[in-house]
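User: I have a structure open and would like to go through it piece by piece. Can you help me read it?

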Amino acid sequence: MTLGAAQLAPCGIRHLLLDASHPTLEATGPENGLYLIVWADGRPVGHRVLVRSELPVPAPALAVMIADIAGAHLATPAPQASRRGSQGLSVSVVVCTRERPEDLRRCLASLALCEPQPAEIIVVDNAPSTDSTAAVVREFPGVRYLLEPEPGLSYARNAGARVASGDVVAYTDDDVEVRPDWVGSLVLPFADPSVACVTGIVVPADLSSEAACLFEFGIGAFGRELAVRRFGTSFLRRRWWQSPDVWQIGAGANMAIRRSAFALVGLFDTRLGAGASGCSEDSELWFRLLRAGLVCHYDPGTVVFHHHRNDHGSLYRQIRDYTRGHVVALFVQFGQDRQLCHLVRAFAIMPWYYLKGGLRAFRHGDRDTFTVMVQQLKGCLAGPIYALRLLRPYSKPHLVLGNDIGKVP
């Protein structure tokens with residue numbers, strides 16, 4: 001967080017192909033920086049931020065720079081997933097939304113370009129106060145509208161899972177645009193019968209505002225892991241004080257779950273997620289999948305583009321909610337395995353990290369980092385209080401699918 005993240009705004013985004021020639025790289029208009037994303041074999045293989053003083057970059061120097069950016073990842077070739085066993089799997093796409101018609105319209109337009117098309121697209125309208133979502137859905141023939149009156153992202157995701165008919169339930173958010181190959185790339189890893197969940201990378205769609213730059217570069221957004229990773233039961237094994245980093249598995253904005261896996265571990269915990277604790281309903285589900293002996297697969301070749309918050313007020317609320325939800329999820333996980341590492345992280349590691357980081361940023365005059373750390377500390381301290389209110393006796397929900405609710409095939 002030493003980039004002066006907010007000061008990069010407006011920051012341009014340049015997508016560069018590794019094996020292509022490119023002209024001189026320069027900023028246009030008021031851009032204070034450029035975020036370079038290098039692609040090869042249909043996946044991002046490297047990224048770098050350039051400030052305006054480093055521009056322009058002549059074409060010969062840019063070619064060297066692109067090779068250098070991608071170099072660390074070229075040693076690991078893109079995985080060639082077998083289509084055997086995955087071709088027969090159908091995919092239901094679930095988009096949960098609440099009163100964001102323009103975002104939803106953009107998301108559905110990107111889904112309409114997917115090849116192959118999913119078996120169905122379900123839009124879950126979560127506790128609406130207007131009919132704006134239903135009106136947008138009517139613009140897209142074949143898209144199914146589903147009303148979920150109970151507010152909360154987990155309620156909406158569970159409603160979509162209950163009515164989905166596909167073998168795989170893919171989730172994305174209304175503020176996301178997917179690539180045309182998204183459905184196909186998500187389903188490929190399910191050729192391995194042990195894989196219960198697939199996630200992919202979340203790339204920024206626009207960095208023109210200070211808030212968007214602060215989210216992307218100041219707190220690391222959704223992470224930018226560029227290597228394929230396979231998470232199994234062994235990932236949960238840590239020293240007694242180390243809670244497993246299940247949030248590293250991916251992001252709920254780019255996620256697919258084998259439908260029959262819900263029958264084994266239950267649905268999303270409705271105490272978690274937006275509209276409840278604030279976050280981590282996805283990572284807590286991954287935690288349960290791993291505990292059940294299943295596998296989560298992350299592939300950066302599965303790409304979506306996310307439109308970050310554009311105003312500071314919304315961003316700060318998001319940061320507090322994310323941190324609070326993370327802490328509440330630690331309490332939920334402790335309730336499942338009784339491992340003290342979750343409480344150590346909630347009561348000691350996280351607050352100390354944010355306090356120490358905030359003080360260091362204050363001493364160095366790093367306003368961006370200080371602001372982020374303060375918001376995260378607020379969310380962290382609110383977490384235990386929120387957890388005490390939410391974590392009463394709770395029956396884990398299960399998805400009834402009919403005759404096929406046995407083990408993951």
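**Notes on the chain**

Analyst: Arg-338 is exposed, with a relative accessibility of 58%. Keep in mind that this is a predicted model.

User: Where is Arg-338 found?

Analyst: Arg-338 is in the loop between α9 (312–337) and α10. Its phi is near 60 degrees, which is a positive value in a residue other than glycine.

User: What about Asp-41, what is its phi?

Analyst: Phi of Asp-41 is near 55 degrees, also a positive value in a residue other than glycine. Asp-41 lies in the loop between β2 (33–40) and β3.

User: Is Asp-41 buried or exposed?

Analyst: Asp-41 is exposed, with a relative accessible area of 70%.

User: New topic. How is the chain split into domains?

Analyst: The domain assignment gives domain 1 (6–75), domain 2 (91–312 + 398–407) and domain 3 (315–391). Domain 2 is written as two stretches, 91–312 and 398–407.

User: How many residues of domain 1 are in contact with domain 2?

Analyst: 18 residues of domain 1 are in contact with 19 residues of domain 2. The C-alpha centres of domain 1 and domain 2 are 29 Å apart.

User: Let's go inside. How many residues does the largest nonpolar core have?

Analyst: The largest nonpolar core has 59 residues. Those with the most contacts inside it are Tyr-171, Phe-217, Ile-257, Phe-262 and Leu-289. Helix α6 (residues 210–218) gives the most to this core, with six residues. There is also a second, separate core of 31 residues, which includes Ala-170, Val-176, Val-183 and Val-304.

User: Take Ile-257. What is it in contact with?

Analyst: Leaving aside neighbours within four places in sequence, the contacts of Ile-257 include Tyr-171, Phe-262 and Leu-289. Also among them are Asp-167, Phe-190, Cys-197, Leu-285 and Trp-286.

User: Leu-285, Trp-286 and Leu-289 are in which helix?

Analyst: They are in α8, where Leu-285, Trp-286 and Leu-289 are buried. Ten of the eleven residues of helix α8 (residues 281–291) are buried, so this helix is largely enclosed by the rest of the structure. Just after α8, Gly-293 takes a positive phi of about 85 degrees.

User: Why does Arg-157 count as buried?

Analyst: Arg-157 has a relative accessible area of 2%, and buried means under 20%. Glu-281 counts as buried as well, at 4% relative accessibility.

User: How many salt bridges does a search of the whole structure find?

Analyst: The search finds 16 salt bridges. One of the pairs is Arg-14 with Glu-31, where the closest N and O atoms are 2.9 Å apart. Arg-14 is in strand β1 and Glu-31 in the loop between β1 and β2, 17 residues apart. Arg-14 is buried, with a relative accessible area of 18%, and Glu-31 is buried at 12%.

User: Which residues are linked in a network of salt bridges?

Analyst: Arg-100, Asp-103, Arg-106, Asp-174, Asp-175 and Arg-309 are linked in such a network.

Conventions:
Residues numbered from 1 in each chain as written. Predicted model: local features only at pLDDT ≥ 70, side-chain atom pairs only at ≥ 80, totals over all residues. Heavy atoms only, no water. Core = buried A, V, L, I, M, F, W, Y, C linked by side-chain atoms within 4.5 Å. Buried < 20%, exposed > 50% of the residue type's maximum accessible area, 1.4 Å probe, protein only. Helix = DSSP H or I, 4+ residues; strand = E, 2+ residues; numbered from the N terminus. Contact = heavy atoms within 4.5 Å. Domains from an automatic or database assignment. Salt bridge = Lys/Arg side-chain N within 4 Å of Asp/Glu carboxyl O.
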